[in-house]
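User: I would like a close look at one part of this model, with the cut-offs given along the way.

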Amino acid sequence: MSEKQICTRVAPSPTGDPHVGTAYQALFNYAFAKGRGGRFILRIEDTDQARSTAESEQAILESLHWLGLQWDEGPDVGGPHGPYRQSERTEIYREHVHRLLAAGNAYRCFCTRERLDTLRGRQGADTGYDRLCRNLAADESQRRAEAGEPFVVRMKIPLAGECVFTDLLRGEIRKDWASVDDQVLLKSDGFPTYHLANVIDDHLMGVTHVIRGEEWLNSVPKHVQLYDHFGWQKPVFCHLPLLRNNDPNKTKLSKRKNPTSIRYYRRAGYLPEALLNFLGMMGWLMPNGEEKFTVADMVANLKLEDISLGGPVFDQDKLRWLNARYIRENYNAAGLCGLLEAWALNREMYQRIIPLVQPRLERLADWGHLTAPFFADEVPLPAEDLPIKGLDGVRTAEILQLVVWRLEQQRDFTAPALDALLRETAEKLALKLRQLLAPLFVALSGRTAWTPLFDSMAILGSDLVRMRLRRAIEVLGGVSAKRQKELDKEYTRLFGRRD
């Protein structure tokens, strides 16, 4: 492998807001490859057709470009190994699946969803598939497929022994094959699963180092088996430590506790170079111990084996401190003026806000007071104004939690869509609409009256809205873990299961 040009990749799924975890992985992949004269690829993993959107893909590209990360190959720049969207590579995957079937390394599974659900219910959620279709005769399998019976394709996993592989940060890892399921490779809709597509794409695109989050560590045996079935050389595996919340249990970074969208940090006034610097500090430091460094510094000094496995904490106070250093140390007055113009005084932002504010302007000087909540990360929260009329603070906090969960599921964050969503929410909670909206006005603006709520929410954006609502929940005393479980049942009963 040393003779090959180093090549890394980042492969986000366009199924929501661009996540800081994507930027974290992209940064380490970029810095490692560029420090060794290698290539860095961006690939879009959009095989989940039900959830993938073009808008989310565009947001990912824009956010990574805003951060200053550039890739050598990708859907927007092209390259010799395209296409770079997995949805455009389905014939490649099917061809490789046929190879696996012909070699006896995979099989068609005709089990219905109902049978699989029953199997999971009887054996327990953590128990894998019972391999009912694994020993179907080849002619019977072919006959049923040609008759139009729906099926998936599963990989044959060894029934005994263990998988042995090496992770660059953890050394040798062993996993009993008995604990590995016969992985679905091709879904019934003809699209591949992550496991199949990522192995094929990494090989065909010449990826030498797979640098990704440690949540994929348990999937490596499936990937190793695929490499072996195809007779391909394996890449170097390096699984980065997960980003953690700054809470007592150092839980996995989650949008339910922290803003995780790159667009939130852009909207909240963080500088891209500060955010990248902060992400670079997640599990790694410059050899001289300096905490403020550039991407170029990281390119010149990063060694993957120096990454610490201690769970890196996404501490927003530390990010604020670092961002403040950049504002003070990297910009003079003219430079800061340019930053502010680009961030707040841009025409696009003004054009969205002016129609909401103009009917309330008596003097131009009123502009600052009326628009301040649009340009703030946090707003003052008077606790006495938050409870819903007729309800106490405890129940108000619970209702706001239900609203946050609803907003997490909401893809269309336009004013009409939010209007419909919150009207339905009020109705199902047996509240008048004005009862439900009253604490939202306070949570989002710090005031009991403000600009039109649904339009204002659309301008603020999903991540900032949810963060302010979570702060309001905390001001009201929060919702205990026990009560959250009960609320989750209430949510399912009223609105359906959460993703």
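Which side chain meets that of Arg43 in a salt bridge?

Analyst: The side chain of Arg43 meets that of Asp202, with N and O 3.0 Å apart. Arg43 sits in the loop between β2 (39–42) and α2 (54–67) while Asp202 belongs to helix α6, so this pair ties together parts that are 159 residues apart in sequence. A salt bridge here is a side-chain nitrogen of Lys or Arg within 4 Å of a carboxyl oxygen of Asp or Glu. Helices (H or I, at least four residues) and strands (E, at least two) are DSSP runs numbered from the N terminus.

The model is predicted: local features need pLDDT of at least 70, side-chain atom pairs count only at pLDDT 80 or more, and totals for chains, interfaces and linings use all residues. Residues are numbered from 1 along each chain as its sequence is written, and side-chain values use heavy atoms, with hydrogens and water left out.

Arg43 and Asp202 are both buried, that is, under 20% relative accessible area, where exposed is over 50% and partly exposed lies in between (1.4 Å probe, protein chains only).

Asp202 also forms a salt bridge with Arg9, where the closest N and O atoms are 2.9 Å apart. This second pair again links distant parts of the chain, since Arg9 is in strand β1 (residues 7–10) and Asp202 in helix α6 (residues 194–204), 193 residues apart. Arg9 is buried, as is Asp202.

β1 and β2 run parallel and are joined by four bridges; strands count as paired if DSSP finds at least two bridges between them. Cys7 stands opposite Arg39 in β2. On β2 both faces are covered, with Arg39 and Ile41 buried on one side and Phe40 and Leu42 buried on the other.

The structure holds 41 salt bridges. Arg483 bridges to Glu486, with the closest N and O atoms 2.9 Å apart. Both lie in helix α20 (residues 481–495), three residues apart, or about one turn of the helix. Arg483 is partly exposed at 22% relative accessible area, and Glu486 is partly exposed at 37%. Back at Asp202, salt bridges with shared partners join Arg9, Arg43, Glu45, Arg89, Asp201 and Asp202 into one network.

Elsewhere in the chain there is an open sheet of three strands, ordered β3-β4-β7 with antiparallel pairing. Its edges are β3 (106–109) and β7 (184–186); each has a single partner strand, so one side of each is left without a neighbour in the sheet. From one strand to the next, the twist averages 45 degrees. Between β3 and strand β4 (residues 152–155), the antiparallel pairing runs over four bridges, and Cys109 has Val152 in β4 as its bridge partner.

Helix α3 (residues 90–102) lies across β3, β4 and β7 and runs at about 105 degrees to β3. For such angles, axes are lines fitted to C-alpha atoms, for helices over the stretch in contact, and the values run from 0 to 180 degrees between N-to-C directions; contact means heavy atoms within 4.5 Å.
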